[in-house]
Amino acid sequence: MSTITLSPASTTSPGNPSVFYRNRRTTTTPATRCRSRFRGKPLRAALVEEARPRSLPPIRGNNSINGAVSEPNIAIVSTSRIRTDDIQAESKALARAANASVYSPELLKTKYASRPFKVVRRTLQILFGLGSFGVKLWIDQLQGQLEQNRRSRAVELRETFTRLGPTFVKLGQGLSTRPDLCPPEFLEELSELQDALPTFPDAEAFACIEKELGIPLDSIYSSISTSPIAAASLGQVYKAQLKYSGQLVAVKVQRPGIEEAIGLDFYLIRGLGFLINKYVDIISSDVVALIDEFARRVYQELNYVQEGQNARRFKKLYADKEDVLVPDIFWDYTSGKVLTMEWVEGVKLNEQAIIEGQGLKVLDLVNTGIQCSLRQLLEYGYFHADPHPGNLLATPEGKLAFLDFGMMSETPEEARFAIIGHVVHMVNRDYEAMARDYYALDFLSPDVDVSPIVPALRNFFDDALNSTVSELNFKTIVDGLGAVLYQYPFNVPAYYALILRSLTVLEGLALYADPNFKVLAASYPYFAKRLLTDPNPYLRDALIELLFKDQKFRWNRLENLLEQGKMDRDFSAKDALQPVLKLLLDPEGEELRTLVIKEAIRVTEAITVGTLVDTYNSIPGPLRAILPNGNGIGTSLTDAEMESMMELRQQVLRIWGLLRSSDSLDPTILQPIVQVLQEPEARNLGGRVFGGITQRLAARLLQQVLRTPTTVRAPTL
């Protein structure tokens, strides 16, 4: 990759802004400057205030002397000033993007209703491309070959979208996330759509930069690549070096005329959507609403200031982890059609050989991506909606870098908890509850009867869950759910379709490195941590549902949750106690208290009897004979009861061992218990447990004392 070095024809002084005005020639247009650059002629230099490095107070190496400002105060002043400057620069960028287009079906209708020839010409192009495809589908249906030819037709649709240009490339990528609209074969083919479109002339790109920023190119960069390093459907990217600081940056420039092209296409596609809604019964979703939602997202991608704000928000939420990198935005050199951001050296996540040649592991990076994605989807709800390999880089330091923040989405708060609950219901094979989850997930309107959906869920998951959940392949679940969604009146929200796509992409990347990788296995520690530590009522109910079944506590489930939760580096045993205790003492928690009291009595009995048995067995043989009724410990229990009791005791001891071995365990872990035990309801609960234990042990003791020994009489002669 070659670069253009932008050398000034005359020297200027950063301290003399008047030089800028003397050197600037109004007769030289951005386009002619670009043409002169390619002829190798020197460029005139220009400086503006924004192009200068911001001077910051020097930070001293020691504390203040003789009234000098101390080092901590200097750091505070410097940070405050940087933040103020950054806010001001962002405000200027917003002003430059004030005229950025916003999707409005009404405005598009008004605009293109008066341009019939343009509309007709583009309509014929689209009809020729999609019409021939539709005719082939119709013939397949008449000949009964719809299923047989589905794969080849999916390939044809992908190729057709590519030929029709940027709007249809984006549309195809959007459809690849919609299992309620497309069969699995089409989803798979459309997911392979790439933004590999022809680049536009560099002169136009450089002219766009100068026009958008109002600054000559040579005042911004000391060098810039002679050709784009990447091209997408909406723009292309150059590598450059900032003149004022020498820092490497990526400069994203919007494709000329893209707003006009996609505006006309969406106007026509929306009209087609009305026809589909009216005449095509097989599609249950509101196609016009889906088109409007998708068009809004594409138009947001056209506003590069909005993309910069997306990146800033994403960085604030998720770059607190040392293994995640989000590039900074240079607001002074950003507008609605130009985005300048920090250059990130890295390798695409699907280039395994290069990554491992740097001493890195693809699976470690994928795991980082999965954990970050889970936080995005289920913790804050703000997530990167387009995590394909080109947007995920492995840096030489082993960090996972996220790029391209044009398409973002949000998970509603209620849906975040419903998704976790849905996983719990799947683990429990509670298909009725799974079907009801679709109300909370906004898949179904409240008036839809879910009872016909339950058998379809049971038929699929009973086969899929023959393996443990952690062994399930995520794509298998997505394909199975997709088949169910396609058959029934589901309306999959955009956020959920994008979630499925995100996790499927990450699992696909991992499978290159390890064919046995399972994204659910990597995700389970996060789910376990959230269930054990999150005080949200929905998740607390899901935890109770997971741990109690048929009025019995499932200690094996708790043990498994703790084992998995410990694998999450943010897990805290202390956090896992207080929410549960507060829930236990809730005024409406009587049913739970009854279950807990019964289980506490069982556990206490198991530990007491087990301890007595261990103590008795540890006594030397000759001494056992002098103990009264020593051989009778636990003889009021059947062999099955004794075995069950010993197994319960071992489970409880293992769980305590897991808590004790937690990295976050310290003496303060008991503080929540002490605080809760001070409440009146806790004392009442403790009294009920103690009373139950006393009654149980008294009953066992009475059985032991009154047990009638079996005697053998000699036969009479």
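1. Aromatic cluster. Phe314, Tyr318, Tyr380, Phe402 and Phe405 are linked by ring pairs into a cluster. This is a predicted model. Two of these residues belong to elements treated in point 5. Tyr380 falls in helix H15, which spans residues 362–380. Phe402 falls in strand S11, which spans 400–402.

2. Other ring pairs. The count of aromatic pairs comes to 18. One of them joins Tyr438 and Phe443, and this pair is stacked. Its ring centres are 5.3 Å apart, with 15° between the planes. Are the two partners buried or exposed? Tyr438 has 2% relative accessibility, so Tyr438 counts as buried. Phe443 also counts as buried, at 2% relative accessibility. Phe460 and Phe461 make a pair of another kind: edge-to-face. Their planes stand at 70°, and the ring centres are 4.8 Å apart. Phe461 is buried, because its relative accessibility is 1% and the cut-off is under 20%.

3. Overall make-up. The protein has 29 helices and 14 strands. It contains 717 residues, and 46% of them are buried. Take the contacts between residues at least 6 apart in sequence: 72% of these join residues at least 24 apart.

4. Strand S5 covers residues 248–254. How many of its seven residues are buried? Six are, so S5 is mostly covered. S5 pairs with strand S4 (residues 235–242) and with strand S7 (residues 338–342). The S4 pairing is antiparallel and has seven bridges. Within it, Gln236 has Val253 of S5 as its bridge partner. S4 and S5 form a hairpin, with five residues between the strands. Gly246 sits in that turn and has a positive phi of about 80°. The S7 pairing is also antiparallel, over five bridges. There, Lys252 has Leu339 of S7 as its bridge partner.

5. The four-strand sheet. This sheet is open, and its order is S6-S11-S10-S8. Pairing is mixed. Which strands lie at the edges? They are strand S6 (324–325) and strand S8 (347–348), each of which pairs on one side only. S8 pairs with strand S10 (residues 392–394) in the antiparallel sense, over two bridges. Val347 stands opposite Ala394 of S10. Helix H15 lies across S6, S10 and S11. Relative to S11, H15 runs at about 45°.

6. Helices H16 and H21. Two packed helices are described by the angle between their axes and the distance between the axes. Helix H16 covers residues 413–428, and helix H21 covers residues 519–533. They pack at an angle of about 105°, and their axes are 11 Å apart. H16 is therefore roughly perpendicular to H21. Which residues meet at this contact? H16 brings Phe417, Ile420, Val423, Val424 and Val427. H21 brings Tyr524, Phe527, Arg530 and Leu531. By class, eight residues of the contact are nonpolar, none is polar and one is charged.

7. Leu146. Leu146 is found in the loop between helix H5 (116–142) and helix H6 (150–164). Its relative accessible area is 32%, so Leu146 is partly exposed. Setting aside residues up to four places away in sequence, Leu146 touches Leu137, Asp140 and Gln141. Leu146 and Lys136 are ten residues apart along the chain, and their C-alpha atoms are separated by 9.6 Å.

8. Arg150. Arg150 lies in helix H6. Is this residue buried or exposed? Arg150 is buried, because its relative accessible area is 14% and the cut-off is under 20%. Neighbours within four places in sequence aside, Arg150 is in contact with Pro183, Glu185 and Phe186.

Key: Residues are numbered from 1 along each chain as its sequence is written. This is a predicted model: local features need pLDDT of at least 70, side-chain atom pairs count only at pLDDT 80 or more; totals for chains, interfaces and linings use all residues. Side-chain values use heavy atoms; hydrogens and water are left out. Axes are lines fitted to C-alpha atoms, for helices over the stretch in contact, and angles run from 0 to 180 degrees between N-to-C directions. Angles under 35 degrees count as roughly parallel, over 145 as roughly antiparallel, 65 to 115 as roughly perpendicular and the rest as oblique. Contact means heavy atoms within 4.5 Å. Ala, Val, Leu, Ile, Met, Phe, Trp, Tyr, Cys and Pro count as nonpolar, Asp, Glu, Lys and Arg as charged, and the others, Gly among them, as polar. Two strands pair if DSSP finds at least two bridges between them. Rings of Phe, Tyr and Trp (its six-membered ring) pair if their centres lie within 6.5 Å; planes under 30 degrees apart count as stacked, over 60 as edge-to-face and the rest as tilted. Buried means under 20% relative accessible area, exposed over 50%, partly exposed in between (1.4 Å probe, protein chains only).
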